[in-house]
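Here is a short briefing to read alongside the model. Have the sequence and the 3D view open, and let's walk through a few features together.

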Amino acid sequence: MFKLLSFIKPKNLTKTKLQSMQKISAHAIFFISGFGAASWAPLVPILRKQLGVGDDTLGMLLLCLGFGSLIAMPLAGFIASKFGCRKVLTAISIIFPIFLLTICNLTDISIAIPTLILFGALMGCMDVIMNIQAVIVEKNSGKRIMSGMHAMWSIGGFVGAGLFGVWVGALNLSPFTSTIIASIIMLAILFFFYKYFLLNGGESSGSLIAIPRGIVILIGVITCIAYLVEGAMMDWSGVFLTTARGFDISLAGVGFTCFSAAMLTMRLIGDRLVQAIGQKIVVLVGSIISFTGFMLLIFADFQIFLYAGFFLIGIGSANIVPVLYTAIGKQKIMPVNMAVPAVSTLAYAGILVGPALIGFLAHQTSLFVAFGFLATLIVIQFFMANFVFKGSD
């Protein structure tokens with residue numbers, strides 16, 4: 001596959017124009033990734049029906065995705081340095097739709113397990129390498145663009161989910177046909193931008209597996225906390241409103257909607273915000289705002305204050321991860337292509353473990369205590385970030 005992609009070359013452009021196209025293409029791959037994730041999500045219940053499995057077996061199958069990602073992520077930096085971001089991201093973006101179409105037709109669990117492991121590895125590798133490219137592109141441009149790139153992932157997710165609903169719901173297309181259309185859209189976007197992906201993928205460190213060292217460990221732990229909070233909002237906000245607060249089931253999604261809307265809005269303006277007040281202030285004040293949001297969820301009684309709590313958590317959390325990825329590009333302990341997968345692996349562990357941990361705490365105590373635990377983690381995040389960004393802008 002990589003040899004077949006050796007012909008990929010951008011047109012002769014001035015340095016300024018090339019950098020501009022590289023920034024646009026870096027945003028494009030985040031959109032493709034978010035769009036692809038949104039195209040995968042509706043296939044989960046379809047997969048369950050086709051395989052004829054229960055929720056417990058489905059949960060184990062979905063763990064195959066996480067298992068595949070955790071295997072691939074520490075190796076992604078080595079792959080990027082060996083083959084370059086351009087070849088790897090192009091290859092993954094071509095293979096991704098093939099997996100989506102394959103999943104649409106899975107009927108044998110013995111085939112589903114290795115397929116989902118490989119699909120998870122593909123998703124994990126893509127996540128790491130597009131962030132490696134993002135860090136390098138931002139570093140080369142000398143401008144803050146990381147928040148905007150992460151916002152494009154969210155926009156891709158919103159667009160993908162919305163279009164799938166239109167195709168299946170309004171137009172009554174089959175999931176397979178809808179997935180074909182989604183695949184064509186992803187490949188069309190790739191066609192316009194693949195030649196501007198970075199040729200390199202960071203310097204070779206001689207290491208096959210990315211193991212965090214020094215300040216990268218702290219950055220990884222902070223990122224893990226940020227992703228843990230985001231995962232908890234996705235999986236437990238509706239349960240919190242309906243069980244702990246007694247809301248009607250029809251309002252279960254309002255909390256996560258408030259959180260997501262705040263996240264997207266703040267990431268769209270995040271680069272200008274960081275440029276104006278500095279990365280340290282964005283992270284520290286963001287942590288305070290998120291903590292305030294959790295306090296509202298735990299102690300406020302009025303409905304509007306609960307929605308405000310989710311909104312504040314989204315505002316505070318939105319730009320922490322993008323700022324941390326920028327910090328990876330500035331540290332000198334590890335090369336970028338090793339530091340990004342090391343941090344991403346820790347962060348993804350937060351996504352996987354977080355919701356289950358919240359469930360365990362809620363079962364042993366209550367959701368109020370579990371959300372209080374998340375608030376405590378944000379306090380820890382505040383002090384760790386204060387150390388990481390000590391002396392920075």
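D301 is exposed, because its relative accessibility is 63% (exposed means over 50% relative accessible area, buried under 20% and partly exposed in between, with a 1.4 Å probe and protein chains only). This is a predicted model, in which local features need pLDDT of at least 70 and side-chain atom pairs count only at pLDDT 80 or more, while totals for chains, interfaces and linings use all residues. Residues are numbered from 1 along each chain as its sequence is written, and side-chain values use heavy atoms, with hydrogens and water left out.

**Salt bridge**
- D301 forms a salt bridge with R245, with 3.5 Å between the closest N and O atoms (the rule asks for a side-chain nitrogen of Lys or Arg within 4 Å of a carboxyl oxygen of Asp or Glu).
- D301 sits in the loop between α11 (279-299) and α12 (303-317) and R245 in the loop between α8 (215-244) and α9 (254-268), so the pair ties together parts 56 residues apart in sequence.
- The count by this rule is 1 salt bridge.

**Surface patch**
- A nonpolar patch on the surface is formed by L70, L352 and V353, which together have about 210 Å² of accessible area (Shrake-Rupley method, 1.4 Å probe, only the protein chains shown counting as cover for residues).
- Patch residues have over 30% relative accessible area and no salt bridge; like charges are joined within 9 Å, and nonpolar side chains (Val, Leu, Ile, Met, Phe, Trp, Tyr) within 5 Å.
- L70 belongs to helix α3 (residues 55-83) (helices are DSSP runs of H or I, at least four residues, and strands of E, at least two, numbered from the N terminus).
- L70 counts as partly exposed, because its relative accessibility is 31%.
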